[in-house]
Amino acid sequence: MKTTERPVVTVPLIGGAARPPQHIDPEFVDCKGLERGWGIKRSLAYQLLNAGQIKGVSLRRRGQSRGKRLFSVDSIRQFLREQMEAK
């Protein structure tokens, strides 16, 4: 039996058809983003935060003891620049 249907081929569009993908530089990152971007792990991040060398913010709902910690990318970059100048 012969069929006249053509196979359907789909190709995923990356970033949509109208415009190319755009990179957004974040203002804040979480611990995973800090490690991925700069190799700074969670324990060092909290040491730097407690020493006032980088800035961060904790997002949590009222009455909750746990939340989400975010670190300022600008403060991380500034800290790293200061470390380069100190040598």
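By the rule used here, the count comes to two salt bridges. This is a predicted model, and its protein chain averages a pLDDT of 85, with 76% of the residues scoring at least 70.

**The salt bridges**

- One of them joins the side chains of Asp25 and Arg77, at 3.4 Å from N to O.
- Asp25 sits in the segment before β1 (28–29) and Arg77 sits in helix α3, so this pair ties together parts that are 52 residues apart in sequence.
- Lys68 counts as partly exposed, at 42% relative accessibility.

**Helix α2 and its two sides**

- Helix α2 covers residues 42–50, and confidence is highest there, at 97; helix α3 (residues 73–86) has the lowest, at a mean of 94.
- Which residues of α2 are buried? They are Ala45, Leu48 and Leu49.
- If you look down the axis of α2, these buried residues fall within an arc of 100 degrees, so they line one face of the helix.
- Turn to the face pointing away from that buried side, and you'll find the exposed residues Ser43, Gln47 and Asn50.
- What do the buried residues of α2 pack against? Their partners are α1 (31–38), β2 (56–59), β3 (68–72) and α3.
- Just after α2 comes Gly52, which takes a positive phi of about 75 degrees.

**The nonpolar core**

- The largest nonpolar core has twelve residues in all, among them Val29, Cys31, Leu34, Ile40, Ile54 and Phe71.
- Ala45, Leu48 and Leu49, the buried residues of α2, belong to this core as well.
- Which elements give two or more residues to the core? Those are α1, α2 and α3.
- In soluble globular proteins, nonpolar side chains tend to be buried together.
- For a view from inside, take the core member Ile40: leaving out residues up to four places away in sequence, Ile40 touches Cys31, Leu34, Glu35, Ala45 and Ile76.

**Ser75, a buried serine**

- Ser75 has its place in helix α3.
- Is Ser75 buried or exposed? Its relative accessible area is 11%, and buried means under 20%, so Ser75 is buried.
- The side chain of Ser75 reaches the backbone nitrogen of Lys55, at 2.9 Å.
- Not counting residues up to four places away in sequence, Ser75 touches Gln53, Ile54 and Lys55; of these, Ile54 is part of the largest nonpolar core.
- Ser75 and Glu27 are 48 residues apart in sequence, yet their C-alpha atoms are 9.7 Å apart in space.

How values were computed. Residues are numbered from 1 along each chain as its sequence is written. This is a predicted model: local features need pLDDT of at least 70, side-chain atom pairs count only at pLDDT 80 or more; totals for chains, interfaces and linings use all residues. Side-chain values use heavy atoms; hydrogens and water are left out. pLDDT is the predictor's confidence in each residue, from 0 to 100. Helices (H or I, at least four residues) and strands (E, at least two) are DSSP runs, numbered from the N terminus. Buried means under 20% relative accessible area, exposed over 50%, partly exposed in between (1.4 Å probe, protein chains only). The arc is that of the directions from the helix axis to the C-beta atoms. Contact means heavy atoms within 4.5 Å. A nonpolar core is a set of buried Ala, Val, Leu, Ile, Met, Phe, Trp, Tyr and Cys residues joined through side-chain atoms within 4.5 Å. A polar contact is a pair of N or O atoms within 3.5 Å; within protein, one must be able to donate a hydrogen and the other to accept it, and residues adjacent in sequence count only if both atoms are side-chain atoms. A salt bridge is a side-chain nitrogen of Lys or Arg within 4 Å of a carboxyl oxygen of Asp or Glu.
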